[in-house]
Amino acid sequence: MNALYEDFREVELSSGFCCSRDIASSAGAVLTKSGTILDERLIHKLKQYDIARVFVHRDVDAVLNKTRCDSNALIENANKATYCIIIGGELPTIYRDLLFDYLYVSNSDNFSAISKYITHLRKNDPFTHEHCTKVAWFAVFLGAKLALSSTEILDLLQTGMLHDIGKSCIPGSVLNKEGSLDKEEFDLIRRHPLVGYQMLKEMVSKDILQGVLHHHEKLTGFGYPHGLVDSEVTLYSRVVGIVDIFDALTSFRPYKNKVSMEDAIPILGAMAHTHELDIEVYGCFVEGITGLLKGGLIV
Ligand SMILES: [Fe+2]
């Protein structure tokens with residue numbers, strides 16, 4: 001196994017990371033060399049040049065020792081990440097980094113290509129990238145509440161992070177257009193599950209692929225792209241479909257305001273009671289969120 005992550009893992013400036021490329025100013029002057037460990041002094045200097053993100057590598061063995069097969073730690077991290085999101089705070093950087101660590105653990109063979117896709121998505125549309133990050137943690141949280149196996153929960157982490165990866169091929173100006181979409185733009189956006197499927201079909205398992213392809217399906221047959229009904233919609237699609245809508249409702253976009261969590265849950269409930277969403281998965285999610293808020297967490 002390669003001892004280091006590939007060098008396209010791009011992160012926000014943080015002490016302890018090892019730069020995997022030379023960092024240059026916009027004028028081309030080399031500010032620091034590949035192999036340099038970031039510290040506070042260097043971070044201060046880079047910020048003066050408006051450099052906020054760098055390419056790094058990390059010690060894979062340390063990552064694996066920290067994360068491998070420890071499903072209790074994964075679930076605990078998902079609880080904390082979910083709590084941070086639902087109380088309306090910023091998701092701490094550690095949970096963004098951990099997500100990459102778990103992606104590596106769950107699919108190391110294709111981590112390089114998948115990381116590239118995710119980096120491209122973030123550059124193309126930061127809103128969708130942020131959404132995918134939150135959906136991934138919500139999906140792990142919900143998978144644990146459904147008492148799924150650690151393999152299934154890691155699958156859900158991948159499905160959540162990658163469910164909208166097809167949007168990396170759609171211009172951000174269309175995705176976040178404030179006015180109404182014309183038919184061509186509407187059709188383009190609705191193609192994103194199919195595009196994501198095509199992008200990932202050699203890289204992830206069949207179950208994850210179906211989760212990506214069918215996360216907008218409804219049990220009633222009125223979803224897309226295939227209008228599936230009932231048991232044709234797989235568990236990963238049902239889980240990611242619910243947390244996808246929850247995050248979309250509770251997040252701001254340039255074309256819409258967000259609604260409160262208290263208002264979002266009845267909207268989801270109405271969809272579950274009309275059989276659009278899986279009512280048992282919905283019930284588990286609401287119970288989990290309610291329990292998390294009652295119990296509180298130290299994060
Ligand atoms: Fe989507």
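Predicted model: local features only at pLDDT ≥ 70, side-chain atom pairs only at ≥ 80, totals over all residues.
Leaving aside residues up to four places away in sequence, A81 touches L91, Y95 and W137. There's also a jump along the chain to look at: A81 and K134 are 53 residues apart in sequence, yet their C-alpha atoms are 8.1 Å apart in space.

Mean pLDDT for the protein chain comes out at 87, with 90% of the residues reaching 70 or more. Going element by element, helix α11 (residues 206–213) has the highest mean, 98, while helix α2 (residues 60–67) has the lowest, 56.

As for the overall build, the protein chain has 14 helices and five strands. Of its 299 residues, 37% are buried. If you take the contacts between residues at least 6 apart in sequence, 67% of them join residues at least 24 apart.

## Helices α6 and α7

Two packed helices are described by the angle between their axes and the distance between the axes. For helix α6 (residues 126–145) and helix α7 (residues 150–162), the angle is about 155 degrees and the axes are 7 Å apart. The pair is therefore roughly antiparallel, as angles over 145 degrees get that label. The crossing of α6 past α7 is right-handed.

Who makes the contact? On the α6 side you'll find C132, V135, A136, F138, A139, V140, G143 and A144. Helix α7 answers with E152, I153, L156, L157, T159, G160 and M161. Sorted by class, the contact between α6 and α7 has eleven nonpolar residues, three polar ones and one charged.

## Helices α13 and α14

From α13, the contact uses I265, L268, G269, A272 and H273. From α14, I279, Y282 and V286 take part. The class breakdown for α13 with α14 is six nonpolar, two polar and no charged residues.

The loop between α13 (261–273) and α14 (279–295) holds H275. Its phi is near 70 degrees, a positive value in a residue other than glycine. H275 is partly exposed, with 14 other C-beta atoms within 10 Å.

## Backbone details worth a look

D50 has a positive phi too, at about 60 degrees, although it is not a glycine. You'll find D50 in the loop between α1 (40–48) and β5 (53–57). Is D50 buried or exposed? D50 is exposed, because it has 8 other C-beta atoms within 10 Å and the cut-off for exposed is 12 or fewer.

If you're checking omega angles, go to Y224 and P225: a cis peptide bond joins them, with omega at about 10 degrees. P225 lies in the loop between α11 and α12 (235–249).

Notes. Residues numbered from 1 in each chain as written. Helix = DSSP H or I, 4+ residues; strand = E, 2+ residues; numbered from the N terminus. Buried ≥ 20, exposed ≤ 12 C-beta atoms within 10 Å, placed from the backbone. Contact = placed C-beta atoms within 7 Å. Axes fitted to C-alpha atoms, helices over the stretch in contact; angles between N-to-C directions. Parallel < 35°, antiparallel > 145°, perpendicular 65-115°, else oblique. Left-handed = near helix turned anticlockwise from the far one by under 90°. Nonpolar A, V, L, I, M, F, W, Y, C, P; charged D, E, K, R; others polar. pLDDT = per-residue confidence, 0-100.
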